[in-house]
Number of protein chains: 2
Amino acid sequence: MSGTLAPVDPARAHRLINHGPTVLISSTHSGVDNVMPAAWATVLDMAPAKVVVVIDRATKTRELVDASGRFVLQVPVVAQLALVDFLGMHSAQDEPDKLDRAGATLFRMPGHDLPFVADCAGWMACRVLTEPSKPETYDLVLAEVEAAWSDPRMFRDGRWVTDAPPDYRTLHHVSGGRYFAIGETIDVDRSPDEGPGN
Amino acid sequence: MSGTLAPVDPARAHRLINHGPTVLISSTHSGVDNVMPAAWATVLDMAPAKVVVVIDRATKTRELVDASGRFVLQVPVVAQLALVDFLGMHSAQDEPDKLDRAGATLFRMPGHDLPFVADCAGWMACRVLTEPSKPETYDLVLAEVEAAWSDPRMFRDGRWVTDAPPDYRTLHHVSGGRYFAIGETIDVDRSPDEGPGN
């Protein structure tokens, strides 16, 4: 599995989720793995990449993230739609065999004791930030990306591949059982002297 | 302008950004308006909707948000690509006439002293949450949505319109001058007894 993956330059890892895809959060503790989808995730910073994810405290995955301080944030694609939806509709709190029933294929990356979900477009191994200002009032989890990888058929050299097949497009959850697939690339025609502003 | 807008049920306002579009953040203080794009924004909670947005402290918009405690988070579409990109490439710190040069059309909503950007798909009037746990270490702004509206040609009855013209699709910033437009809707075939899980 890992033979097809390429490391992502840490300065560009944030691009895996900059366009707002729904992600899968996976974690492990004491031999128990779990995976759940999260639509409420975004970039917090780059170089090094940091992420912010809302993970409900009632979930099994949140239990594992809190206990281990680590998780994988990965970007699923259209081919995985049924898996993503199943993982969101079933809870490991009630169904300990959820991952088996979902048909999820997990793998390990050398040096990272974390469950990676196979066949995603990209993966970020994340370490939870335990800053004094951590917002305990909400379900926010802030984390730093320690390493990232991508499937070069979808994301390579720090960029999304623009001619990827339809099944390789990212998923964007709307509500209920409805998703958008990401659409086509549009490049802005910028004059060469323009720099970032605000 | 406001004649074409429809109020959005607060319980469904989060759906305006659930699929991860790049948004425009606008604010005002002491007679100065500004607008900037933000790709790093997501939902924090629903009913009532809350949002979390990363807004760099160096920006003029952040100054206005901090001073007023209020902002509009709005969802631009493909037809506004040049405007969105211009607003991100020029800073009101250096160019006080940025909004005029951008050709931005602003309007007010009754009861809300905030600048709304015309021709977006949806708008959320937000009040910054000043919880004791507010994460000062980062550029996170947490806010509650006080009211929301949509252009019913793009979002109506709490749902994104699936047959909207290409120019009405949401924008998802990748990096530099590159964006994705959102693509087609995909509905999952769920068995009727399934409920939300994790």
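## Salt bridge R169(A)–E184(B)

In this predicted model, R169(A) and E184(B) form a salt bridge between their side chains, with an N to O distance of 2.9 Å. A salt bridge here is a side-chain nitrogen of Lys or Arg within 4 Å of a carboxyl oxygen of Asp or Glu. Across the interface of chain A and chain B the rule gives 4 salt bridges. The same interface has 25 residue pairs in polar contact, both residues being at pLDDT 80 or more. A polar contact is a pair of N or O atoms within 3.5 Å; within protein, one must be able to donate a hydrogen and the other to accept it, and residues adjacent in sequence count only if both atoms are side-chain atoms.

## The interface of chains A and B

On the side of chain A that touches chain B, strand β14 (residues 178-187) of chain A gives the most, with 10 residues. Strands are DSSP runs (E, at least two residues) and helices are DSSP runs (H or I, at least four), numbered from the N terminus. The residues on that side of chain A comprise 29 nonpolar, 25 polar and 16 charged. Ala, Val, Leu, Ile, Met, Phe, Trp, Tyr, Cys and Pro count as nonpolar, Asp, Glu, Lys and Arg as charged, and the others, Gly among them, as polar.

The contact (heavy atoms within 4.5 Å) involves 70 residues from chain A and 70 residues from chain B. Together the two chains bury about 6,000 Å², of which 55% is on carbon and sulfur atoms. Buried area is the accessible area (1.4 Å probe) lost by two parts on being put together, summed over both.

β14(A) runs antiparallel to strand β14 (residues 178-187) of chain B, and 7 bridges join them. Strands pair if DSSP finds at least two bridges between them. F180(A) is placed opposite T185(B) in β14(B).

## H172(A)

H172(A) belongs to strand β13 (residues 171-175) of chain A. H172(A) counts as buried because its relative accessibility is 0%; buried means under 20% relative accessible area, exposed over 50%, and partly exposed in between (1.4 Å probe, protein chains only). Its side chain makes a polar contact of 2.9 Å with the side chain of T170(A). Leaving out residues up to four places away in sequence, H172(A) touches residues including H19(A), Y179(A) and F180(A), as well as H19(B), H172(B) and I182(B).

## Salt bridges within the chains

Over all chains, the structure holds 26 salt bridges. One of them joins the side chains of E146(A) and R70(A), at 2.4 Å from N to O. This pair links distant parts of the chain, with E146(A) in strand β10 (residues 140-150) and R70(A) in strand β6 (residues 70-75), 76 residues apart. E146(A) is partly exposed at 39%, and R70(A) is partly exposed at 32%. R70(A), R127(A), E144(A) and E146(A) are linked in a salt-bridge network.

In chain B, D66(B) forms a salt bridge with R62(B), the closest N and O atoms being 2.9 Å apart. Both residues lie in helix α1 (residues 60-68) of chain B, 4 residues apart, about one turn of the helix. D66(B) is partly exposed at 45% relative accessibility, whereas R62(B) is buried at 1%. R101(B) and E95(B) also meet in a salt bridge, at 2.3 Å from N to O. R101(B) is partly exposed at 46%, while E95(B) is buried at 19%.

## Conventions

Residues are numbered from 1 along each chain as its sequence is written, chains are lettered from A and ligands numbered from 1 in the order in which they are written. Local features need pLDDT of at least 70, side-chain atom pairs count only at pLDDT 80 or more, and totals for chains, interfaces and linings use all residues, while side-chain values use heavy atoms, with hydrogens and water left out.
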